[in-house]
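Please look over the structure below. A short report follows, sorted by topic.

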Amino acid sequence: MEKKKFDFSGWVKVHVAEFKRIIWPSREEIVKQTLSVIAISLIFGCVVIAFDYIVEFGYNALVSLLG
């Protein structure tokens, strides 16, 4: 069985051809998606913080009743 040599120039040509087929998003789309990710992250963070305070309040109330 004969091993084939690695063809670096062919490998590069294939990858350059694939990159030409990519449809890149516009600047406006990137800005909208980035702002959406930031907004959703902030909202989720607020929900996690609120849930943490609720659990902490419940735990402290339970400890004060039992202790």
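About how many helical turns separate Glu-18 and Arg-21 in helix 1? About one, because the two are three residues apart in helix 1, which covers residues 8-21. Helices here are DSSP runs (H or I, at least four residues), strands are runs of E with at least two, and both are numbered from the N terminus.

The model is predicted, so local features need pLDDT of at least 70 and side-chain atom pairs count only at pLDDT 80 or more, while totals for chains, interfaces and linings use all residues. Residues are numbered from 1 along each chain as its sequence is written, and side-chain values use heavy atoms, with hydrogens and water left out.

Side chains of opposite charge can pair when their charged atoms come close. Glu-18 and Arg-21 do this in a salt bridge, at 3.1 Å from N to O. The term means a side-chain nitrogen of Lys or Arg within 4 Å of a carboxyl oxygen of Asp or Glu. By this rule the count is one salt bridge.

Glu-18 is partly exposed, at 42% relative accessibility. Arg-21 is exposed, at 63%. The classes are buried (under 20% relative accessible area), exposed (over 50%) and partly exposed (in between), with a 1.4 Å probe and protein chains only.

## Overall form

The chain has two helices and zero strands. Its radius of gyration is 27 Å, well over the 11 Å that the globule rule gives for 67 residues, so the chain is more spread out than a compact globule. This radius is taken over C-alpha atoms, and the globule rule is 2.2 Å times the number of residues to the power 0.38. Along its principal axes, the C-alpha trace spans about 80 × 45 × 10 Å.

What share of the 67 residues is buried? The figure is 0%. The accessible surface of the chain comes to about 7,100 Å², and 71% of that belongs to carbon and sulfur atoms. Such areas come from the Shrake-Rupley method with a 1.4 Å probe; for residues, only the protein chains shown count as cover.

## Aromatic pairs

A pair of aromatic rings is described by the distance of the centres and the angle of the planes. Rings of Phe, Tyr and Trp (its six-membered ring) pair if their centres lie within 6.5 Å; planes under 30 degrees apart are stacked, over 60 edge-to-face, and the rest tilted.

The whole structure holds four aromatic pairs. One of them joins Phe-6 and Trp-11: it is tilted, with 6.4 Å between centres and 55° between planes. Phe-19 and Trp-24 form a stacked pair, with 6.5 Å centre to centre and 20° between the planes. Phe-19 is partly exposed, at 49%. Trp-24 counts as exposed, at 58%.

## A cluster and a surface patch

Ring pairs link Phe-6, Phe-8 and Trp-11 into a cluster. Phe-6 lies in the segment before helix 1. Phe-6 is exposed, with a relative accessible area of 62%. Trp-11 is partly exposed, at 41%.

Phe-6, Phe-8, Trp-11, Val-12 and Val-16 form a nonpolar patch on the surface, with about 520 Å² of accessible area together. Patches take residues with over 30% relative accessible area and no salt bridge: like charges are joined within 9 Å, and nonpolar side chains (Val, Leu, Ile, Met, Phe, Trp, Tyr) within 5 Å.

## Distances along the chain

Leu-42 sits in helix 2, which covers residues 27-66. Leu-42 is exposed, at 56% relative accessible area. Leu-42 and Phe-8 are 34 residues apart in sequence, and their C-alpha atoms are 45 Å apart in space.

Where does Ile-22 lie? Its place is the loop between helix 1 and helix 2. Ile-22 is partly exposed, at 36%. From Ile-22 to Val-48 the sequence gap is 26 residues, and the C-alpha distance is 37 Å.

Gly-45 is in helix 2 and is partly exposed, at 27%. Gly-45 and Val-63 are 18 residues apart along the chain, with 27 Å between their C-alpha atoms.
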